[in-house]
Amino acid sequence: MEHETLGQIFIITVLSSNFVLAMFLGLCPFLGVSGKLETAVPMGIATSFVMLVASLCSYALNQLLTHFDLEFLRLIAYIAVIASAVQLVEMVMKKFSPALFRALGIFLPLITTNCAVLGVALFQTARDYDLAQSVAFSLGGGVGFSLALILMAGVRERLNLSNLPSVMHGTALSLMLAGLLSLAFMGFGGIGVAR
Amino acid sequence: MSSQPLQASNMEQLLEGIWKQNPVFVMALGMCPALAVTVSAFNALGMGLATTFVLICSCTLISMLRRFIPREVRIATYIVIIATFVTLVDYIIQAVSLALYEALGAFIQLIVVNCIILGRAEAHAAKNPPFSAMVNALGMGIGFTIGLFALGSVREILGAGKLFGISLFGDQFQPWVVMVLPPGGFFVLGLWLLFFAWLAKRKEAQHGA
């Protein structure tokens, strides 16, 4: 029973309530980095990693804050944890892959202000998930975010080759595409809920 | 972001946020709350006002403290200041309107990571005196609220046939349910952006001729 619920949380977060396409979290990097496939993949992985770290830390923090009756500090504490996790990822990436570090540029520190990351922490608190459920939720969130980013990058790479009216270029077009992807993801609606 | 922030008068600065640099339609910032909460005009207004409040308070405070904040830790400082005001707003909304609080949910707390606020703090408040920062923040806040309201009202009218919960078209109207679902948010915002891009293009063409 326990395992089934974890699986359900994971599948639901990846597909039917995908972070980007159904809950509108993390749209800035989604629109900003999805231009090319080769930056979309590492961005997805980096964000997923930060999400996992942030989820674990914020779970521990929430226990601590609840114990000392300091819930009003929750938001500030979460943000501090996320900022440190991003700093960590940034340092690791700079050491092991400087080229990638430069390619992601400003979007790497901006993971701090990615609502998807803070969203994971806040939603898992709001839904009272235990540790295992939080991990499943954050993994699902990360995979879902990467999936949306990669799908979008693929479509946009193809679109660069097509002939469009010049007004359509830029964010408006990306939003229309995101709308279509979101419609497609709504088709997953029934998965994991039944039973 | 603005081309000559020092020379521009206060009125111009106010208008800049509302129209020329409208955060939603022109700069495409703060999309996440813009799409997530705008299923109805009422939610959109609530979110817009909450964001405006946080924007004004944090920009004013940051501007007052701008000489005391070391450059190296400025982003962390800004975030903590913003998070403080968001916590405040969170509790205020919970006290004033529980219905709105439940409708907006975690998105009130997500105001912290709204790029508009950090962007304003970094681009304007950190370099200008408090009053100018306040005016600029007010303009941006109003612009953001207008943007949200434009999205929310279109989505509510098409998706539910209502505005502020008042039925507009009578019983025969078949609501476009898709408009209040997530894809509708993307479509409506995409169309608004398209409209503004078209306006800008037309103006450009007129100037050229």
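Predicted model: local features only at pLDDT ≥ 70, side-chain atom pairs only at ≥ 80, totals over all residues.
**Exercise 1.** Does A:Phe24 count as buried or exposed, and how many C-beta neighbours does A:Phe24 have inside 10 Å?

*Solution.* Residues are numbered from 1 along each chain as its sequence is written, and chains are lettered from A and ligands numbered from 1 in the order in which they are written.

Step 1: a residue is buried if 20 or more other C-beta atoms, placed from the backbone, lie within 10 Å of its own, exposed if 12 or fewer, and partly exposed in between. Step 2: A:Phe24 has 27 C-beta neighbours inside 10 Å and therefore counts as buried. Step 3: A:Phe24 is found in the loop between α1 and α2 of chain A, where helices are DSSP runs (H or I, at least four residues) numbered from the N terminus.

**Exercise 2.** Examine phi and exposure at A:Asp128.

*Solution.* Step 1: A:Asp128, in the loop between α6 and α7 of chain A, has a positive phi of about 60 degrees although it is not a glycine. Step 2: most residues other than glycine have a negative phi. Step 3: A:Asp128 counts as exposed because it has 8 C-beta neighbours inside 10 Å.

**Exercise 3.** Describe how α3(B) and α6(B) pack.

*Solution.* Step 1: helix α3 (residues 41-64) and helix α6 (residues 115-125) of chain B have axes 10 Å apart, at an angle of about 30 degrees. Axes are lines fitted to C-alpha atoms over the stretch in contact, and angles run from 0 to 180 degrees between N-to-C directions. Step 2: the two helices are therefore roughly parallel (an angle under 35 degrees). Step 3: residues in contact have C-beta atoms, placed from the backbone, within 7 Å; α3(B) contributes residues including B:Val54 and B:Leu55, and α6(B) residues including B:Ile116 and B:Arg120.

**Exercise 4.** Characterise the contact between chains A and B.

*Solution.* Step 1: chain A provides 31 residues and chain B 32 residues. Step 2: α8(A) gives the most to the side of chain A that touches chain B, with nine residues. Step 3: by class, this side has 25 nonpolar, six polar and no charged residues, with Ala, Val, Leu, Ile, Met, Phe, Trp, Tyr, Cys and Pro counted as nonpolar, Asp, Glu, Lys and Arg as charged, and the others, Gly among them, as polar.

Terms used:
Parallel < 35°, antiparallel > 145°, perpendicular 65-115°, else oblique. Contact = placed C-beta atoms within 7 Å.
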